[in-house]
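The stops below follow one after another.

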Amino acid sequence: MPPAAETKLGYTPPDGGWGWAVVFGAFISIGFSYAFPKSLTVFFKEIQAYFSVSYSEIAWVSSVMLATMYAAGPVSSILVNRYGSRPVVMVGGLMVSAGMVLASFGTSIIHLYLCVGVIGGLGLAFNLQPSLAIVGTYFHVKRPLANGLAMTGSPVVLFTLAPLNQFLFDCFGWRGSFLILGAIVLNCCVAGALMRPVNKSVKPQPKTETPPAVSEEDSAQSSDLQIEENQTESRCQGCVQRFIDFSLFKHRGFLIYLSGNVVMFFGLFAPVVFLAPYARHQGIDEYSSAFLLSIFALVDMFVRPLTGLLGNTKWIRPRIQYFFSFAVLFNGVCHLLCPLAQGYAGLVLYTVFFGMAFGMLCALLFEVLMDLIGAQHFSSAVGLVTIIECGPVLLGPPISGALVDAFGDYKYMFYACGVILTACGIYFFVMHFYNYKKLDEERKQSLAAERRTSEEAVKLKMSPDDKAAYEAEG
């Protein structure tokens, strides 16, 4: 069910050319957006001891950062629609850098919530949504591949940052590391500079609307007031519709996607946030624990583009929602089996399968949304989805941390996340089966209506004798 972007957008996406430079820029900015909060978990054990806080309290650092990134989605959408992706991404890079520099001077965990969480998360929001949106304007036929390559930035950046953060901590401590990371994240400004707006060479045909005729008997003053009110109302509705398209809440596929994702995000990020602390809890040394994140990122790095290639095939593309449902279910099964892993070798095995499942899910996460609603409404859809999902993103890791505090064991956290994702995977399978069935029925009804319309048009052009002969044959 690939959306006909070329017919809805009013121009033909180039599917290449400078679009690959844009994909590279999105690769960097998306990489920092998703990998940065995860990579900071390397410092959690030391920051937890420094400020004497619990597992739940330290988990709020990543949670606030991710939740702010998601909650600021509509703001980012408005800025992208108004100014374009390039300046928004560059400002976002400056904000993340400023947040990390300020956090390095923090004297309490609250300071980290504000600087890393709020300021840094807002900057990441200005990196994420514009990058996702601009890739969709450059690609249609190769869009799953382009999105898969862009989303590969997350594991590549995480693969690099996880061991780098451990090295920086050993050399400079967590405060000095935050200063250096503030400089590294300025690469997002370079990525934003690559995001040149697409050249819409094929313009859509303007629609001409005939104003309603006004009779001479009507009062001129009344007519002018009515027209002015209608124009004002249209401008207000057009302004809101341009930035945030609330009509998406009437879209069946969008509601299925949103309802499943809201529940799914309660269990999606917690296993990544607690992977390195869990290994440390098992008695594994710091570097080996941090290396688990690198293994996770390395597997994720190769799985995402492969998922994009598979999603672009003629066998999977028409029913790509089932592929996404399988990825969600795969994640849930991995977490349910995690507590059975014994020793460092067992954790490595879990990390490999978790990296595969997580890479598949993330490579398809926004592709399936664009598949459901089309590229034309994608920017508004991402803004609506992210602000609604910020709740579970914010609460998921702290709730998981509270489970660890309550039971003194990580296995219950992994069980809870596994049950959530498994249930969501089954839900997606059932609901997308229903959605595809309804779409097929609607497509058949549309074709039948078009056939009847064409037959009536043919009859109107026929002479009476030809019409009688046509009806006799029918």
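Start with N435, which is found in helix α20, residues 411-461. Helices here are DSSP runs (H or I, at least four residues), numbered from the N terminus. This is a predicted model, where local features need pLDDT of at least 70 and side-chain atom pairs count only at pLDDT 80 or more, while totals for chains, interfaces and linings use all residues. Residues are numbered from 1 along each chain as its sequence is written, and side-chain values use heavy atoms, with hydrogens and water left out.

Is N435 buried or exposed? N435 counts as buried, because its relative accessibility is 3%. Buried means under 20% relative accessible area, exposed over 50%, and partly exposed in between (1.4 Å probe, protein chains only). Now show what N435 touches: R252, G253, I256 and L372, not counting residues up to four places away in sequence. Contact means heavy atoms within 4.5 Å.

Next, select L369. Its place is in helix α18, residues 367-373. L369 is buried, with a relative accessible area of 0%. Display its contacts, again leaving out residues up to four places away in sequence: F254, Y257, G374, F378, A381, V382 and V385. Then draw a distance from L369 to Q321, 48 residues apart along the chain; their C-alpha atoms are separated by 9.2 Å.

Move to α7, residues 109-138. This helix has 30 residues and reaches 42 Å from its first C-alpha to its last, close to the 44 Å expected. The expected span is 1.5 Å times one less than the number of residues. Where is the kink in α7 centred? Zoom in on G121: the kink there is about 30°. The bend at a residue is the angle between axes fitted to the seven residues ending there and the seven starting there. Colour α7 by burial, and 23 of its 30 residues are buried.

Now two helix pairs. Select α16 (residues 320-337) and α17 (residues 343-365): their axes come within 9 Å and cross at roughly 150°. That makes α16 roughly antiparallel to α17. Axes are lines fitted to C-alpha atoms, for helices over the stretch in contact, and angles run from 0 to 180 degrees between N-to-C directions. Angles under 35 degrees count as roughly parallel, over 145 as roughly antiparallel, 65 to 115 as roughly perpendicular and the rest as oblique. Among the residues that meet are F323 and F330 in α16, and F353 and L361 in α17.

Finish at α8 (residues 143-151) and α9 (residues 153-184). Their axes come within 4 Å and cross at roughly 15°. That makes α8 roughly parallel to α9. Show L149, A150 and M151 in α8, which meet G153, S154 and P155 in α9.
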